Amino acid sequence: MDINQKTRQVLQRVQGDAPRPELRQLPELITEEKAGAAAYLHLSHRFGGKEGAMLRRMFEEEQTHIACLRGIFRLMTGERCQIHTAPQPLSEDAAVLLRRCYGREMRCLSVYEAHAADPEYGPVFLQLAREEKEHCKNILHLIGKLDPK
């Protein structure tokens, strides 16, 4: 029995039947966060100024979310989470991209809030949820500032 397997067994005994993030959810969340990061970086070039800076910050936060989710996966399994997704073309107008980003943020937020009570990763999920709420607010701000043409 290797050290990772022993660690997982000890954690399982300590945690009992506490709700755990499902392993299949983590790669899905990472994929969602990667798509969001790509969209925010792309949109940051379209907006520029304060809005562009805000989008670049959101891109960086999404990158942090990806790293945290990969870290959780690694601690839960002892393995690296391999996600190979091709970037989606970002040719839609800003309103469409922002609407998609908002939906993505809400999906991630729902999962993060559901796992906020996790005994081991709850504080991380709670922080991720806070940041996703801020992203939702920022997206709505940007949509509200778009020219209504």
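pLDDT is the predictor's confidence in each residue, on a scale from 0 to 100. The structure shown here is a predicted model, and across the protein chain the mean pLDDT is 86, with 81% of the residues reaching 70 or more.

**Helix α3**

- Helix α3, which runs over residues 49-77 and so counts 29 residues, spans 42 Å from its first C-alpha to its last, and this is close to the 42 Å expected at 1.5 Å a residue.
- After α3 comes G78, a residue whose phi is positive, near 80°.

**The nonpolar cores**

- The largest nonpolar core holds 18 residues, and those touching the most other members are L26, L29, I30, L69, I72, Y112 and F125.
- Two or more residues of this core are given by each of the elements α2 (25-47), α3, α4 (94-114) and α5, and the largest share, five residues, comes from α3.
- Apart from this core lies another one, of 14 residues, which includes Y40, L55, F59 and L97.

**Y112 and the aromatic pair**

- Leaving aside residues up to four places away in sequence, Y112 touches L29, E33, L69, F125, L128, A129 and E132.
- The structure holds one aromatic pair, which is formed by Y112 and F125 and is tilted, with 6.0 Å from centre to centre and 35° between the planes.
- Because Y112 lies in helix α4 and F125 in helix α5, the pair ties together parts that are 13 residues apart in sequence.
- Both partners of the pair, Y112 and F125, are buried.

- The side chain of H135 is joined to the side chain of E62 by a polar contact of 3.3 Å.
- When residues up to four places away in sequence are not counted, H135 touches Y40, M58, E61, E62, H65 and E105; one of these, Y40, is also among the residues of the 14-residue core.

How values were computed:
Residues are numbered from 1 along each chain as its sequence is written. Side-chain values use heavy atoms; hydrogens and water are left out. Helices (H or I, at least four residues) and strands (E, at least two) are DSSP runs, numbered from the N terminus. The expected span of a helix is 1.5 Å times one less than its number of residues. A polar contact is a pair of N or O atoms within 3.5 Å; within protein, one must be able to donate a hydrogen and the other to accept it, and residues adjacent in sequence count only if both atoms are side-chain atoms. Contact means heavy atoms within 4.5 Å. A nonpolar core is a set of buried Ala, Val, Leu, Ile, Met, Phe, Trp, Tyr and Cys residues joined through side-chain atoms within 4.5 Å. Buried means under 20% relative accessible area, exposed over 50%, partly exposed in between (1.4 Å probe, protein chains only). Rings of Phe, Tyr and Trp (its six-membered ring) pair if their centres lie within 6.5 Å; planes under 30 degrees apart count as stacked, over 60 as edge-to-face and the rest as tilted.
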